Amino acid sequence: CGICGSDIKKIFDDKVKKPIVLGHEVTGDVVEIGSGVKDFKVGDRVVITHHVPCFNCQYCRHENYSMCRQFKSTNIYPGGFSQYIRVPKENVSVGTLKIDEKVSYEEASFSEPLACCLYSLQKIKLLQKDFVVIIGLGTIGLLFYQLIRNKKAIPIGIDIDENRVDFAKKFGFDFALNPNKENVTEEILNITKGIGADLVILTIVNEKILNQSLSYIRDGGKILIFAGAINKEIVKININELYRREISIIGGYSSSPKHLSQALELISDKDINVKNLITHRFPLEEIEKTVELIVSRKAYKIIIEPWK
Ligand SMILES: [Zn+2]
Ligand SMILES: [Zn+2]
């Protein structure tokens, strides 16, 4: 099971009741099946999504799958950071996928975060050679980078952590900028020949970042909010600018089984490289060590291995 930034946020969120077993980037073996299960057998290697939509309601009809009330109420038990989980029938029927033998468990565990990226990007009509600014060059930023590059659009990465900027360049970014070292607005306007970026993806959000993105987004551009605000702040934004410049702000939360299977396919076909994003592996007993690594942004993807 991979660790997601949201797992760490939940640890520090008073609204999340404790004790709790977190972990939602889950892969494993089927060890037992319920009486009505026909599509799986003991020994199957699978990836499982924790929330599944009904595909019938008003939200689902509009492909807002993660807003579906069934989506919000379904979950695996107790959570991915454990040796065994119980998978409810809704998740078995549409949220469980067999993993190809050439794909490792840890690679397949990226299906969940990658599915979230796919789900969000599907809300945006991206054209070839579009300029896409990605704020935050952690695991999610690097997954978005690959999806955007595969669509033949042009990613521009931004991070205030110089190590992350360096890593992004090694990873393949033609443009990776550090706002503490260069004038990001000027650079992006230069790169985009004065027009501005078509899409800005915020994997880190606060008032400054959101408002600064207005300085280098093109008229008619889109801002994708892919994370909750740091410190849950309420931000001020110039509504007239959004109106007159036709800027859209779009939220992208979680994913759907449809995107999970697309994601697993991209990983299986090696269209998306996830192996290089794994920097740490820990057994379950040492899970506490991961908090500091993620908070200090020293880690990219951390995999928890409950059987080690
Ligand atoms: Zn997650
Ligand atoms: Zn629904």
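I started with the UniProt "transmembrane region" (unreviewed entry), which covers residues 131-148; UniProt positions are in the numbering used here, feature names are shortened, and annotations may be inferred rather than shown by experiment. The end C-alpha atoms of residues 131-148 sit 9 Å apart, and the span is 56% helix and 28% strand. Helices (H or I, at least four residues) and strands (E, at least two) are DSSP runs, numbered from the N terminus.

Ground rules for myself. This is a predicted model, where local features need pLDDT of at least 70 and side-chain atom pairs count only at pLDDT 80 or more, while totals for chains, interfaces and linings use all residues. Residues are numbered from 1 along each chain as its sequence is written, chains are lettered from A and ligands numbered from 1 in the order written, and side-chain values use heavy atoms, with hydrogens and water left out.

Next I looked up the other UniProt feature, "domain: Alcohol dehydrogenase-like C-terminal" (unreviewed entry), placed at residues 140-268. For residues 140-268 I noted 18 Å between the end C-alpha atoms, with 42% helix and 21% strand.

Then the domains. I have domain 1 as 5-116 + 255-305 and domain 2 as 124-251, with bounds from an automatic or database domain assignment. Their C-alpha centres lie 27 Å apart.

How much area is buried between domain 1 and domain 2? I get about 1,500 Å², with carbon and sulfur atoms giving 57%; this is the accessible area (1.4 Å probe) that the two parts lose on being put together, summed over both. On the domain 1 side, Leu277, Arg297 and Tyr300 lose the most area to domain 2, together 45% of what that side buries.

I count two salt bridges between the domains, a salt bridge being a side-chain nitrogen of Lys or Arg within 4 Å of a carboxyl oxygen of Asp or Glu. I also looked at Asp13 and Lys232, whose side chains meet in a salt bridge at 3.4 Å, N to O.

Lys18 and Pro19 are joined by a cis peptide bond, omega about -5 degrees, and Pro19 lies in the loop between helix H1 (5-12) and strand E1 (26-29). Tyr77 and Pro78 are joined by a cis peptide bond too, omega about 0 degrees; Pro78 lies in the loop between helix H3 (69-73) and helix H4 (89-94). Lys129 is not a glycine, yet has a positive phi of about 70 degrees; I found Lys129 in the loop between H6 and strand E4 (131-135).
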